[in-house]
Amino acid sequence: MADYGSRTKTVSAYIAKFRELGLLGFIVILSLAVQIRNPSFLTWENINDMVTNTAILSILTVGMMLVIVTRGIDLSIGATLALSGMIAALAVGEFPGLHPLLAVLIGTAVGLVCGIVLGFLISRFGILPIIATLGMMNVFRGLTFMVSGGKWVSAHQMPASFKGIATGSIIGINNLIVIAVLIYLFFYYFVNHTRTGRQIYAVGSNPESAKISGINNDRILWLVYTIMGGLSGLAGVLWVSKFASAQGDTAAGYELSVIAACVLGGVSIAGGSGKISGIILGSVLLGILNNALPLINVSPFWQMGIQGSIILVAVLTNAIVKRGVDRNHLMRRSV
Amino acid sequence: METRIVTSKKEFNLKAFFLQWEWMLVVIFLLVNVMNMNLSEFYWNYESLRDATMTFLDKAFIVLPMVFIMILGDIDISVASIVALSSVIMADLYNSGVPMPVAMAISLAVGTLCGFINGLLIVKYKELSSVIVTLATMIIYRGIAYIILEDQAAGSFPEWFGFLGWGYVGSIPFILIVFTVFAVLFALLLHKTTFGRRVYAMGNNITASRFSGVQVDKIKIAVFALTGLMAAVTALFLTSRMGSTRPNVATGYELDVIAMVVLGGISTAGGRGRMIGAILAVFLVGFLRYGLGLVNVPAQMLLIILGLLLILAVMIPKLKWGGGKLRKS
């Protein structure tokens, strides 16, 4: 019994420790496999394209990680993204002279408001995150249609400066990538080296003891949904600028990809754990899958099934690994 | 000792609350009808009201077992995908030469299997919440529907199949009769059988239930499989009504269903709620939609209203209980 236990401890602790390394290994193997089937995969252009396409996903993933760490989930981000993108697009359509930075600010502000409302409902009324976000998802989506009157804002209605947000570049690197990197740097510092950042994890891993130790749980919950909203708003502007079109159904269902990226990156749905390095890899893996499947002639109709299966496998793997780690902790305690 | 006091107190509040909530639903239901009558002179008409039920009752079949799931404290957001998958498989089988009754039976079996898989995964991996498991299977089931039918529509069913969605028995829509039968059955199952009592017990305290000898895993799997089956029933009626099917059929049904259950007074924390509330909520939301549709309220506005209704339905009881809790502590 003891022997068996100690063996489990090593294996699971090992896996848990080198989870990111395993994921990285998987990404490398996957890339090589795709490269053999289609040599245009690992060209500089394709990689650049791929990273640019993944930037928006990865920005949202940061916010979603914080939400999931607090044991929540946010299904409304696709709708928040659409709403803020739409409002920003309408604003630049109305005032073509608007500075692009101001458009970004408008979108982010709309997203922040959405997030504040959501955070209020969840933290003050204790509504289950899934119910609250499911409800607000429809409200935001409905509002998107209402403000646009059901019409699209298309490329010719947007000034070049606005489209330049996503197509321009700073020292040869696409703006989207630069923004994503800055956000990751900021949040890496935020979650690892600030008091509030650490409190998010405390609330997620044990809400009761967090409260007893003097953390204001409601404030933290409110904060994470606000951050999520703000990032969705920012992503909305980037999305609309990138695809040069704002529609009522922009990014419908995108929340699933974002949650998938988190889960792939090892963020535990049970709350309390998740690393920035993990979600970078998770987003990259998802980005590679989206990019590589068409390159190796997988029918687009298979993509949804494949994506779902990968999420399920990742979730189950996480659960099994966590079981081992938990047993490990229990054993250590009983000794 | 303290826990016991809290529990007994809660039960007391609970009963008072139930009475209020179901009465409140009746009042809202009447208000909706009065409002609709004032909005449109065409609303208050037996025949059109009767036919309106045919348009919204299809998803109501999922509401019935979803009540069980939410009383358990779980949630199933894969139901719409199960509807799509069952519907697509039925159409595909029929179009490749399988007789229609067999295709329908297989469709029901597929739905049950999907639900069974959900239940099995949730029971085997207890640390995973039902949210994430059904989120993954939601993508997979619809993904399979896309693999089978790609972006095509399948249809040309035999003529008698249309009876499910369009037929009348006497002057009553067939779907209304079937729904009534199912509603009675499910209400009896929940309120008059040991199975139902055990579901409540599990929703209140799953550990205590397990220690009292309730086979919690089996019950949970059964409830999820039942949900899959009813999703397939919805698929039959929906497909019959539309006359053809596509992989993107029934998108958003999970929200409608969950909204109705929550509006019906079933607590999202599990353990509380009654079937009659959910059934009332089905008709409330259905007639609200129908009435607003009559006066051309855009579908997007309805989305907003439904979303807000869902939030309000969970918020109002929290307001009361929140106050009660504060005083207690």
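A salt bridge is taken here as a side-chain nitrogen of Lys or Arg lying within 4 Å of a carboxyl oxygen of Asp or Glu. With that rule applied to this predicted model, a search of the whole structure returns 6 salt bridges over all chains. In general terms, side chains of opposite charge can pair when their charged atoms come close.

One of these pairs lies within chain B, where the side chains of K59(B) and D256(B) form a salt bridge with an N to O distance of 2.8 Å. This pair ties together distant parts of the chain, since K59(B) sits in helix α2 (residues 46-71) of chain B and D256(B) in helix α11 of chain B, 197 residues apart.

Between the chains, the rule finds 1 salt bridge across the interface of chain B and chain A. The partners are R323(A) and E127(B), whose closest N and O atoms are 2.7 Å apart. Across the interface of chain B and chain A there are also 2 residue pairs in polar contact, counted with both residues at pLDDT 80 or more. On the side of chain B that touches chain A, the elements giving two or more residues are α4 (100-124), α5 (130-149), α11 (253-263) and α13 (299-328) of chain B, and the largest share, 12 residues, comes from α13(B). By class, the residues on this side of chain B divide into 27 nonpolar, 5 polar and 7 charged.

Taken as a whole, the interface brings 39 residues of chain B into contact with 39 residues of chain A. The area buried between chain B and chain A is about 3600 Å², and carbon and sulfur atoms give 85% of that area.

Turning to helix packing within chain B, the axes of helix α7 (residues 174-192) and helix α12 (residues 275-294) of chain B come within 9 Å and cross at roughly 155°, which makes α7(B) roughly antiparallel to α12(B). From α7(B) the contact draws on residues including L176(B), F179(B), F186(B) and H191(B), while α12(B) supplies M275(B), I279(B) and F283(B). This contact of α7(B) with α12(B) has 9 nonpolar, 1 polar and no charged residues.

In chain A, the axes of helix α8 (residues 175-193) and helix α13 (residues 276-295) of chain A come within 10 Å and cross at roughly 145°. Here Y184(A), F187(A), Y188(A) and V191(A) of α8(A) meet I276(A), I279(A), I280(A) and S283(A) of α13(A), and the residues of this contact divide into 7 nonpolar, 1 polar and no charged.

Note on methods
Residues numbered from 1 in each chain as written. Chains lettered and ligands numbered in written order. Predicted model: local features only at pLDDT ≥ 70, side-chain atom pairs only at ≥ 80, totals over all residues. Heavy atoms only, no water. Contact = heavy atoms within 4.5 Å. Buried area = accessible area lost by both parts, 1.4 Å probe. Polar contact = N/O pair within 3.5 Å; in protein donor to acceptor, adjacent residues only side chain to side chain. Helix = DSSP H or I, 4+ residues; strand = E, 2+ residues; numbered from the N terminus. Nonpolar A, V, L, I, M, F, W, Y, C, P; charged D, E, K, R; others polar. Axes fitted to C-alpha atoms, helices over the stretch in contact; angles between N-to-C directions. Parallel < 35°, antiparallel > 145°, perpendicular 65-115°, else oblique.
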